[in-house]
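Hello,

Here is the structure we spoke about handing over. Please load it first, then read the notes below.

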Amino acid sequence: MSLFLNILIDGIAYGMILFMISVGLSVTMGLMRVINLAHGGFALVGGAVAHWLIIAQGLSFWLAAPLGVAAAVALAWPLERLIYRRIYGFGDLQQVLATIGLTFLMIATVNRLLGSTLLALPLPELLAQSVDLGFRTLPLHRLVVIGVGLAVIAGLWLLIDRTRFGIRLRAAVDNRATASAIGINTGLIYSATFCLGAGLAALGGILGAEMLPIEAYYPLRYMVLFLIVVAVGGMGSISGSFTAALGLGILDTATRYLVPGFGTIFFYGCIILFLALRPNGLWGRTA
Amino acid sequence: MTSRIIRLSAAATLLLSTAVAGHAETIKVGVVAPFSGPFALYGKQFQEAIEVYQAQHGTSAGEHEIEFIYKDVGGPNPDQSRALTQELLIKDQVDYLAGYVFTPNALAVAPLLDQSETPLVIFNAATSAINAQSDFYLRTSYTLWQVSAPLAEWAYEQGIREVVTTVTDYGPGIDAENAFVAAFEEAGGTILDSIRMPLSTTDFTPFIQSIREQSPDALFTFLPGGPPTFGFTKTYNENGLRDEGIMFLGTAETEESNLQAFGDAAIGLTTAYHYSADHDSDLNREFIAKNTELHPDSVTNWATIGAYDGTHVIYQMVENAGSDGPAAVESVLGMEWESPRGPLTMDPETRTVIQNVYIREVERDEESGLLVNREKGVIATVGDLGWPE
Amino acid sequence: MSDTTLTPKRTRTIAGIPFLGEAILIAVVIGAYFLFPYNLAFLTRILIMVLLVLSLDLVLGFAGIATLGQAAMYGTGAYAAGLFAVHVTGAPLPGLVVGAVAGAALAFLSGLVLMRAKGLTLIMLTIAVASICHEIANKARDVTGGADGLRGIRMEPVAGLFEFDFIGKTAYWYVFVVVFVVFLLLKRLANAPLGQSLRGIHESPERMAAIGAPVYRRLVLAYTLGGGIAGLAGALAAQVTQLVSLEVYSFNLSAEALIMLILGGTGRLYGAIIGTVIFMTVHHVAAAADPFNWLFLIGLMVLGVVFFLPKGLAHLPTALTRLVRGRT
């Protein structure tokens, strides 16, 4: 029983991190049809800025974290306007090449400014303590991560389902041409969505730094992990990303509890099986 | 044109086989290490250590000028390692090779060493089997057996009877596990479980929880540096293992370049290793002071000391034998000297240094406010225990 | 993937002269041999990489199969040839056959599942296959040597005549001959009915299916052929380096091969060659000049090519001609 609970708790916490970082990727891939390999770069930028603010400037975590997210958004906006605008029109392969190029530049910049060692994000006292659950202790920040993850999915649901922005976004996803024909400013929608995705990536990067530590090569190291979430969840689907991230988090955790020696083979075996059976992911629309 | 190539190859073979110890010449040393990518720090530290040595001892040994040539291998990549080494030997005509962070990179050049009779001083790669592949390998770092086995014996002496080993599932991790398990069981202890964690692990909670449920006296671990080590030690701490009295036993986990990033979570971690930047000796303080003077941002750690002592060995070989490879290797076998890490002997059989292994505990230094590996005990003059008999 | 046009059957020639391309290729390889006699090992690495990128071009450029897992076949070829050399014979040519067969076999088996998928799903599946191969090689330490590498490979002279020498002359010519033969075969294939059919599938699978082409089987065939060539490249690497490490399965290798191919231009064999040579040379020079920051240069180069030469570097002459003639 406690084993089962352990798997559930650790899997969900891990899954929430994956969800926060990947959801923006899923939405931009579904909406703009752009294979954005540079997405993890926004998590890196957010984390690196937060690290710099805490370590070099002595800011508190509570201030540095939102500023890190803001920095990622501040970078995403001009990038979207100046570069991604043009990338949308490219073929798949050119998109891959262009976004890989951007990733290289982000890595090289962080590497140049902060070096290639770990960029620690020391947690504040409040989050660093452990909570006793009876059968085990759990670091408080994992509970916070789960809470923030739930808040993000709820927020996204409200945004998409209940606001004018959401209606326009959904219209643009379904059919861009029609959407702009009926007077929706799709360009603005694209920019806003892209920035939202980048901001969430940064948030996930900062909160997840305990598990996926920030360092210059972060975007390349975890690129495949984030892409798997999107592929399993289905491109463009928020609920799909959520389910996939949780499912993969739990699967990965379960293999580590149950078959530690063969975790990797088992994990990828499951991915192959799933994608072979459901090529468009859980809730994916056909590409 | 063809004749040029023939002359070149003839010259290469000739040069490599002639012993010219008599008159002054410029001796070239090729350093192969990663200077780019996620492992770039190694290359940077090697170069810094060499510069420190040059600043202290000049750029010549005996009557020979010594010149270093650096080549970037990028990461674990034996194809590239071999190609670069070939280039160094043929184009730059180096007389000595040095560096080599990863085991496959070092292993890939063994045939080249034998053919060209060029000594290679390993600054890092820690698999025992490397040196058995060619008589021209010398090693100034350590081997995994060298630090893991003494740790196991020490742990048993401290009253630790039950241990769970949990290592990353790849060559070095398994070497460390084998060494620890063999020595600990030999001493009379019990290994409750040996967990092997996938290389791609990002969340270590499952393994830590499994260990917690078996409640051993201690856990022994080996992880690749960087993010995995960070994740593992964090998780160890946060899940209350320390509070339950499960001791952390490791080796390279608390090395200095990432130590500060761990924060207070690292305090109390116990490791056995051959070098701590906190080592209490004048030689070490001078060494670190010089490094900090030349490279203000640099963090001195085991990679720095491995390269520093390796440079010393090269200087000695050059002074003794110039560019005569076999004579040079012969001349330093059994050599004893005092290094910033403590006394060293170049083992004539394994060609890995015999050195002290220190038991350290992470503490926050009161003066500097930084985390340090404070030496608590010493196991004197340990050779490479993993040497294939 | 919209840059290949379904050209009617025609022999691709440069400036209308038959075999001019091949002649230039041979001239460049001979020239490089004399110009850079000290860098033969590096040049040999470029040639092996060209072979891997050519295999990717067949799979991706011709057949339109999106993959980031070509290293799976490359690595399997490398381990197969390495193990063959350790346990059976050090004769290089049989080793090549073993490597190619191993690569093709893996591609065929995985292709049976993979070729039903497309787009991102396909990409992820190819990555998963390579990851599993990596983990198996890591686990089977007794056989492969794990992270330490497979050692003990000792090669006999090529065809019993040419000893592998210290400078790497034999290796250079040996690898070149293999690459050149594969290049000629691929060139023939491009113009053969199978090649045309693959281009057709790449353009519009629906249309090809409608006119009765066995799309799935053709894709599996193309993937298998590509896997065989990748396995061949891996086998060459194993024989030249005489050590195989886990890195042969790395994601980075697949990704770099893809970057080189897109840089040069997909769907054209010369693109694969040009892209590989330029990327590796720039990398080599930049890494030597400023290792800590070379990634900047690579990033800028990649972006520059994508924005200004979207069809790849192989398109540069055409782009320049247009610019000169003033009809952009």
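**Chain B: annotation and domains**

UniProt, in an unreviewed entry, places the feature "domain: Leucine-binding protein" at residues 26-365 of chain B. UniProt positions follow the numbering used here, feature names are shortened, and annotations may be inferred rather than shown by experiment. This is a predicted model: local features need pLDDT of at least 70, side-chain atom pairs count only at pLDDT 80 or more, and totals for chains, interfaces and linings use all residues. Residues are numbered from 1 along each chain as its sequence is written, while chains are lettered from A and ligands numbered from 1 in the order in which they are written.

Over residues 26-365, chain B is 42% helix and 23% strand. The end C-alpha atoms of that span are 44 Å apart. Helices (H or I, at least four residues) and strands (E, at least two) are DSSP runs, numbered from the N terminus.

The domain assignment gives domain 1 (2-142 + 281-345) and domain 2 (145-273 + 357-382) of chain B. Such bounds come from an automatic or database domain assignment. The C-alpha centres of the two domains lie 31 Å apart. In chain B, 10 residues of domain 1 are in contact (C-beta atoms, placed from the backbone, within 7 Å) with 11 residues of domain 2. The domain 1 side of that contact divides into five nonpolar, five polar and no charged residues. Here Ala, Val, Leu, Ile, Met, Phe, Trp, Tyr, Cys and Pro count as nonpolar, Asp, Glu, Lys and Arg as charged, and the others, Gly among them, as polar.

**Helix H8 of chain B**

H8(B) covers residues 205-214. Seven of its 10 residues are buried, so the helix is largely enclosed by the rest of the structure. Buried means 20 or more other C-beta atoms within 10 Å of the residue's own, with C-beta atoms placed from the backbone. Among the buried residues are B:Phe207, B:Ile208, B:Ile211 and B:Arg212. The cover includes helix H1 (2-31) and helix H12 (238-258) of chain A. From chain B, it includes strands S7 (162-168), S8 (190-197) and S9 (218-222), plus helix H9 (227-238). B:Ser215 follows H8(B) and has a positive phi, near 30°.

**Chain A**

Chain A has 13 helices and two strands. Its radius of gyration is 19 Å, which agrees with the value near 19 Å for a compact globule of 287 residues. That radius is taken over C-alpha atoms, and the globule rule is 2.2 Å times the number of residues to the power 0.38. The C-alpha atoms fill a box of roughly 60 × 50 × 35 Å along the principal axes. Of the 287 residues of chain A, 58% count as buried.

**Contacts with chain C**

Which helix of chain A gives the most to the side that touches chain C? H4(A) does, with 13 residues. The contact takes 31 residues from chain A and 31 residues from chain C. The chain A side divides into 24 nonpolar, five polar and two charged.

Between chains B and C, the contact takes 34 residues from chain B and 28 residues from chain C. H3(B) gives the most to the chain B side, with seven residues. By class, that side has 18 nonpolar, 10 polar and six charged residues.

**Chain C spans**

The UniProt annotation "transmembrane region" (unreviewed entry) covers several stretches of chain C, including 42-65 and 220-238. Residues 42-65 of chain C are 88% helix and 0% strand, with end C-alpha atoms 30 Å apart. Residues 220-238 of chain C are 100% helix and 0% strand, with end C-alpha atoms 26 Å apart.

Best wishes

Note on methods: Two residues are in contact if their C-beta atoms, placed from the backbone, lie within 7 Å. A residue is buried if 20 or more other C-beta atoms lie within 10 Å of its own, exposed if 12 or fewer, and partly exposed in between; C-beta atoms are placed from the backbone.
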